[in-house]
Amino acid sequence: MAKLGLRSRLFLSHLVVMMVGLSTLLIVNKLFSPRLFVLHLERLEGSGFNLLLVRQRLVEGFDYAWSRGAFWSVAVGGTAAGGLSYLVSRRIMQPLVQIENVTQKVAAGHLEERLPSSEIPELNRLALSFNHMAANLEGVEQRRQELVSDLTHELRTPLTVVEGYLEGLADGTIAPSTDIYQRLARETARLRQLVNDLQELSQAEAGYLPIHTQALDLRPLLKSLVERFSDQLVEDGPVLKLDLPADLPPVLADLQRVEQVLINLLGNALRYTPEGSITVSAWSKSDKLWIAVQDTGYGIAPEDLPHVFERFWRSDRSRDRHSGGTGIGLSISRRLIELQGGTIHAESELGKGSTFRFSLPLA
Ligand code: ADP
């Protein structure tokens, strides 16, 4: 047997309620009214009226009037109640049908569809949460599309270079040389770097990166990082300095993630600072510890500064320079700092240098 729809169920339930009400009314009336009428007649006779001749006619008249009255009450009342019930069921069903249509459209990929508000509070709440969900889905979908288009753009360049060299080598237009092979290796290393960074970024953006915060003294980490990076400095390049206060309060952070951020900031500073100095400093202010990496390098143009934390963004100059960067490092750093409850900022002046500073909550 086919299952009944909600509208039919509502309508039927109204009808059942109405029928029970009407039948109770009719039965109770049928049982009591004639008796009460007869009683009334007897009382009239008792008070001196002579109803002997008309009594039978009166009772028949009453019966007739009662039946007609009952018939019309049932007919008119039943029709009115039935019609009303139909209208009410339809009114409740209308938004439900609309919800069904819109959810089907969203499921089919039209993520911009939204439910209108309803005068029924429960349905209105449902519409609000549905719209919220659809907006979230739309955002995820938009970010996914952006990521794919950024990614194809970023992958295309090294792939085109590798393809060009390989084709040249294959048809003999390029003579094989150590230099060519080194270039090929550089491009493939870049591809590998891009893939690794992307994996990190997607995990960080989706919030899957495990963060194990604990009370940490950052002094040993900062010292060892500065030592490690000092080994990479070239003779006439910048000098690396560490400027820490006498007492460095412990922070609530994940050691590995803080190290990852610092490696990125120091790596950038080294990459974009041909001479001068790179200074790592730290200070505490209210309930936060701030760590800064300041360089005297190329700097970043004011119009570029707001974009440095966007994924895949690199200044034109660093693209030209073939810095080997992927433009993902700072996006990952920002996400990692935010996941640990901090913030990260960049200040810079073109030709003078840049300062990247981030905060971590004190333990
Ligand atoms: P990349 O891997 O390209 O360095 P990042 O996300 O770490 O990616 O940095 C994005 C861009 O920001 C860089 O390509 C560079 O143009 C600019 N940038 C970052 N750090 C510095 C800095 N210390 N000095 C100048 N420019 C910088």
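## Helix 2 and Ala70

A helix here is a DSSP run of H or I, at least four residues long, numbered from the N terminus. Helix 2 covers residues 55-107, and Ala70 lies in it. The model is a predicted one.

Is Ala70 buried or exposed? Buried means under 20% relative accessible area. Ala70 has 14% relative accessibility, so it counts as buried. Ser23 sits 47 residues from Ala70 along the chain. The C-alpha atoms of these two residues are 10 Å apart.

## Three domains

The protein is divided into three parts. Domain 1 runs over 6-110, domain 2 over 124-206 and domain 3 over 214-361. How far apart are the C-alpha centres of domain 1 and domain 2? The separation is 73 Å.

## The nonpolar cores

In soluble globular proteins, nonpolar side chains tend to be buried together. The largest nonpolar core in this model has 45 residues. Within this core, Leu218, Leu262, Ile291, Phe358 and Leu360 touch the most other members. Helix 6 (residues 255-271) gives the largest share, 7 residues. Why does the core lie between two domains? Domain 2 and domain 3 both give residues to this core, so it lies between them.

Take Ile291 as one example. Beyond its neighbours within four places in sequence, Ile291 is in contact with Leu218, Leu222, Leu262, Phe356, Phe358 and Leu360, among others. The list of contacts also includes Ser281, Ala282 and Arg357. Another core lies apart from the largest one. This other core has 8 residues, including Leu111, Leu115, Leu123 and Phe130.

## Helix 6 and its partners

Two packed helices are described by the angle between their axes and the distance between the axes. Start with helix 5 (residues 219-230) and helix 6. Their axes come within 11 Å and cross at roughly 35 degrees. The crossing is right-handed. Helix 5 contributes Leu221, Leu222, Leu225, Arg228 and Phe229 to the contact. From helix 6 come Leu255, Val258, Glu259, Leu262, Ile263, Leu266, Gly267 and Leu270. By class, this contact of helix 5 with helix 6 has 10 nonpolar, 1 polar and 2 charged residues.

Now turn to helix 8 (residues 329-339). Helix 6 and helix 8 pack at an angle of about 150 degrees, and their axes are 9 Å apart. Here the crossing is left-handed. On the helix 6 side, the residues are Arg257, Gln260, Val261, Asn264, Leu265 and Asn268. They meet Gly329, Leu330, Ile332, Ser333, Leu336 and Ile337 of helix 8. The contact of helix 6 with helix 8 has 6 nonpolar, 5 polar and 1 charged residues.

## Two residues to look up

Where is Ser286 found? Ser286 is in the loop between strand 4 (277-285) and strand 5 (288-295). Its phi is positive, about 40 degrees, although Ser286 is not a glycine. The cut-off for exposed is over 50% relative accessible area. Ser286 has 70%, so it is exposed.

Thr355 lies in strand 7 (residues 353-361). Thr355 has a relative accessible area of 16%, so it is buried. Which residues does Thr355 touch, not counting those up to four places away in sequence? Thr355 touches Ala292, Val293 and Gln294, together with His345, Ala346 and Glu347.

Key
Residues numbered from 1 in each chain as written. Predicted model: local features only at pLDDT ≥ 70, side-chain atom pairs only at ≥ 80, totals over all residues. Heavy atoms only, no water. Core = buried A, V, L, I, M, F, W, Y, C linked by side-chain atoms within 4.5 Å. Buried < 20%, exposed > 50% of the residue type's maximum accessible area, 1.4 Å probe, protein only. Helix = DSSP H or I, 4+ residues; strand = E, 2+ residues; numbered from the N terminus. Domains from an automatic or database assignment. Contact = heavy atoms within 4.5 Å. Axes fitted to C-alpha atoms, helices over the stretch in contact; angles between N-to-C directions. Left-handed = near helix turned anticlockwise from the far one by under 90°. Nonpolar A, V, L, I, M, F, W, Y, C, P; charged D, E, K, R; others polar.
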